[in-house]
Every structure is written in C-alpha cells, then in structure tokens.
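Please open the structure in your viewer and keep the selection tool at hand. The tour goes from stop to stop.

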Amino acid sequence: MDQITLMLVMLALFQVKHLFADFYLQTPKMLSAGAIYVHAGRAQHAVVHVVGSFLVLLPFGLLAGLSWALVVGLLAVEWVLHYHIDFGKGWWSKRTAFTTTDAGYWRAFGMDQLAHQWTYIAMVWMAV
C-alpha cells in the first residue's frame, strides 16, 4: 500500500471510529460533564476514543512498523486533546446557553468536530 493510500485509509478509519465514539457510545454520564473541568464521564469518553484509535493503529502498526512508544504517545496525546476539546465546548456552551435552535450552538459543535478531525490528521501525519 502506498503512503497516500495508507494515510487516507487511516484517516477514514479514524473518522468512522469518531462517529461511533462520539455519537453511539456516549453514555448520559459522559454527556453530563458540561463546564466541569475534572469529570469522570469526560475522562471515560476520552478513553473510549483512545481504545478506538488503538484499534485503528494496531494493524497499521504491524504493517508500517510503528513503534509501541509512538502508538502509546499518540494515544496519550489524543486523550489529553479530546478531553480538553470537549471541555472547551462544554464550557462555551454553558457560558453562552445556546440551544440547538441557535446558530451559535452549531458553530460551537462544528468547531469541536473540526478540532477532533485536526487531531486525526496530525496523528496520521505522525504515524506515517
């Protein structure tokens, strides 16, 4: 598999993982964090993302020869970034009190999702 194809496949798999982790596997506890900085539900949600990313990286690590140190480093950074991106969105949502009928809610939602996608682009770039 050439490098561009490898990168695109990895990115597509990260996006599928993100869909499931953010929209299918979140529990009410994970969604209740809001603007609280230290929150077990948000930490658990970030772990779900890391487990999914590990499953994406595992076959590529075996095929591309990624070191375990790099994989663990990528997963640790993803956990920190995901936790803080979600905290930022929760803090902003609480501060503004936007609801799903407000354009500001959807702008914040879009920025949150964009930040997560940039994380995956960086992870793919670092892995390949």
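What follows is a list of selections, with a note on what is there.

This is a predicted model, in which local features need pLDDT of at least 70 and side-chain atom pairs count only at pLDDT 80 or more, while totals for chains, interfaces and linings use all residues. Residues are numbered from 1 along each chain as its sequence is written, and side-chain values use heavy atoms, with hydrogens and water left out.

**Stop 1: a surface patch**

Select V16, L19, F20, F23, Y24 and L25, which form a nonpolar patch on the surface with about 610 Å² of accessible area together. Accessible areas come from the Shrake-Rupley method with a 1.4 Å probe, and for residues only the protein chains shown count as cover. Patches are made of residues with over 30% relative accessible area and no salt bridge; like charges are joined within 9 Å, and nonpolar side chains (Val, Leu, Ile, Met, Phe, Trp, Tyr) within 5 Å.

Now pick L19, found in helix α1 (residues 3–23). Helices (H or I, at least four residues) are DSSP runs, numbered from the N terminus. L19 is partly exposed, with a relative accessible area of 37%. Buried means under 20%, exposed over 50%, and partly exposed in between (1.4 Å probe, protein chains only).

**Stop 2: a salt bridge**

How many salt bridges does a search of the whole structure find? The search finds 1. A salt bridge is a side-chain nitrogen of Lys or Arg within 4 Å of a carboxyl oxygen of Asp or Glu. Select E78 and K17: they form a salt bridge, and their closest N and O atoms are 2.8 Å apart. E78 lies in helix α4 and K17 in helix α1, so the pair ties together parts that are 61 residues apart in sequence. Both residues are buried.

**Stop 3: two helices**

Select helix α4 (residues 68–96) and helix α5 (residues 103–127), whose axes come within 10 Å and cross at roughly 170 degrees. That makes α4 roughly antiparallel to α5, a term for angles over 145 degrees. Axes are lines fitted to C-alpha atoms, for helices over the stretch in contact, and angles run from 0 to 180 degrees between N-to-C directions. Contact means heavy atoms within 4.5 Å. Residues of α4 that meet α5 include L70, L81 and W92; among their counterparts in α5 are F109, Y120 and A127.

**Stop 4**

Select A97, in the loop between α4 and α5. Its phi is near 60 degrees, a positive value in a residue other than glycine. A97 is exposed, with a relative accessible area of 55%.

Finish at Y105 in helix α5. Y105 touches F98, T99 and T100, not counting residues up to four places away in sequence.

Note on methods:
Parallel < 35°, antiparallel > 145°, perpendicular 65-115°, else oblique.
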